[in-house]
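Let's take a walk through a protein model together.

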Amino acid sequence: MSTTVPKKITLRTADNHEFEVDEAVAMELGTVKTFFDENPDATDEPIPLPNVSSKCLSTIIEYCKFHLSLRARGNDSSSAEEEGKVYDEELIKTHDNESLVELILAVNYLNIKDMLDTLNQGVADRIKNKSVEYVRRFFGIENDYTPEEEAEIRAQYEWAFEGVDPDDD
Amino acid sequence: MTAHAPWNQLPIDILSSIFERLDLEDRIRFDLVCKQWRTNLKRTPQLLWLMLPYDPSSQYLSFFDMYEGKVRKLDLPRSAQGGWFFGCSKGWLFLATGTNVDNLRIFLFDSISRAQIPLPPLSTISSFEENFTARRSGWNPAACIISGVEVSSFDASQCIVATTFYDNNKILALCKPQDDRWIIVEGLLPDGYFMEIYPSLMENYMPAFYVKIVK
């Protein structure tokens, strides 16, 4: 590590807020990293992120900073792993369905694999062992099966429809 | 579409990634959410279940779920309990129940849908009783005489079943699941040779097996 001041990169969100972050943090965003890999002579101009809101970007930057600091600790990996888990659970808990979708779309656009995995797991946990009707409401999906088609599949896989959790909304 | 539609914006890759994290029961159930889910969500082979030895007195099949690292149980319908598994092909298990010629029943079984497709009685094979009575009674007759079995396709309405036998190892017995009796192919081999059957990948074009002639 050199003692020079770390390079800063400026990111500009869809709602026109600018975030100045350390280069190491910006490189956690796959899309930004690819941009610099392909444009090594890029100037210090802010990088526009037209698909990301400032609310999402600040969550994402916090996430990347936290997980970078955990990785930097390296050697006490078991406690770091535990702290990472607690952080991820809290991240899911503090997002309702709507803000979770928005965050997933932003993280997908920015190509941050670990964070996307965490968020997808969070969604899976929300629909695990739920009824078909609950999941349709959850995703806002219209049933396009005829009653006959639906009855046939239900009868064929009857056991998979038994013992689901009661719908809580 | 209803008001909270933002989930609809999720690309199919993300939905698939969410889906992969669910259990088998959830995946089967959520096929019913809508037709697009049933056809478009990618099925990764992430669920790897090893079938554990079946205890004929139990009411379920046990599998070791390599992904979750635990033993999973799938209930067996009463009519399939106490049987003997004598093979597997194209996702179908071959199951035989009964302990003597009179109550022997052989069928294809799918442990997920629990479908049972009956096969013609082995007693329609002329040499069957003679071969079986030479064996110990009280054992499942199919277990005693069948050495190999394959289906030509996972689609039970289209498939052909081929069977070879320990004692009478020069004959090949063929049937469609809905047939009344087995068709016997024999007289093909000189003394000292016998047949082994293997699955073929030609199922998209025609029902087919590979038959290997062994000395």
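Is B:Phe94 buried or exposed? B:Phe94 is buried, with a relative accessible area of 0%; here buried means under 20% relative accessible area, exposed over 50%, and partly exposed in between, using a 1.4 Å probe and protein chains only.

A bit of housekeeping before going on. This is a predicted model, where local features need pLDDT of at least 70, side-chain atom pairs count only at pLDDT 80 or more, and totals for chains, interfaces and linings use all residues. Residues are numbered from 1 along each chain as its sequence is written, chains are lettered from A and ligands numbered from 1 in the order in which they are written, and side-chain values use heavy atoms, with hydrogens and water left out.

Now for chain A. Chain A has eight helices and three strands; helices (H or I, at least four residues) and strands (E, at least two) are DSSP runs, numbered from the N terminus. Read from the N terminus, the elements go β-β-α-α-β-α-α-α-α-α-α. Of the 169 residues in chain A, 40% are buried.

Take a look at helix 7 (residues 132-139) of chain A, where six of the eight residues are buried. Among them are A:Tyr134, A:Phe138 and A:Phe139. The cover over the buried residues of this helix includes helix 5 (97-110), helix 6 (113-127) and helix 8 (147-156) of chain A, together with helix 1 (12-20), helix 2 (24-30) and helix 3 (35-40) of chain B.

Ring pairs link A:Tyr134, A:Phe138, A:Phe139, B:Phe19 and B:Trp37 into a cluster. Rings of Phe, Tyr and Trp (its six-membered ring) pair if their centres lie within 6.5 Å; planes under 30 degrees apart count as stacked, over 60 as edge-to-face and the rest as tilted. A:Lys130 lies over the face of A:Tyr134, 4.8 Å from the ring centre; for a charge to sit over a ring, NZ of Lys or CZ of Arg must be within 6 Å of the ring centre and within 35 degrees of the ring normal.

Next, find B:Leu15 in helix 1 of chain B. B:Leu15 is buried, with a relative accessible area of 9%. Leaving out residues up to four places away in sequence, B:Leu15 touches A:Phe139, B:Leu10, B:Trp37 and B:Leu41, where contact means heavy atoms within 4.5 Å. B:Leu15 and B:Leu41 are 26 residues apart along the chain, yet their C-alpha atoms are separated by 7.1 Å.

How many aromatic pairs are there over all chains? The count comes to eleven. One of them is the tilted pair of B:Trp49 and B:Phe63, 5.4 Å centre to centre with 50 degrees between the planes. B:Trp49 lies in strand 1 (residues 49-51) of chain B and B:Phe63 in strand 2 (residues 60-65) of chain B, so the pair ties together parts that are 14 residues apart in sequence. Both B:Trp49 and B:Phe63 are buried. B:Phe86 and B:Phe94 also form a tilted pair, at 5.7 Å centre to centre and 50 degrees between the planes.

Finally, chain B has an open sheet of four strands in the order 4-5-6-7, with antiparallel pairing; two strands pair if DSSP finds at least two bridges between them. At the edges are strand 4 (84-89) and strand 7 (116-118) of chain B, each pairing on one side only. Five bridges join strand 4 of chain B to strand 5 (residues 92-97) of chain B, and B:Trp84 stands opposite B:Ala96 in strand 5.
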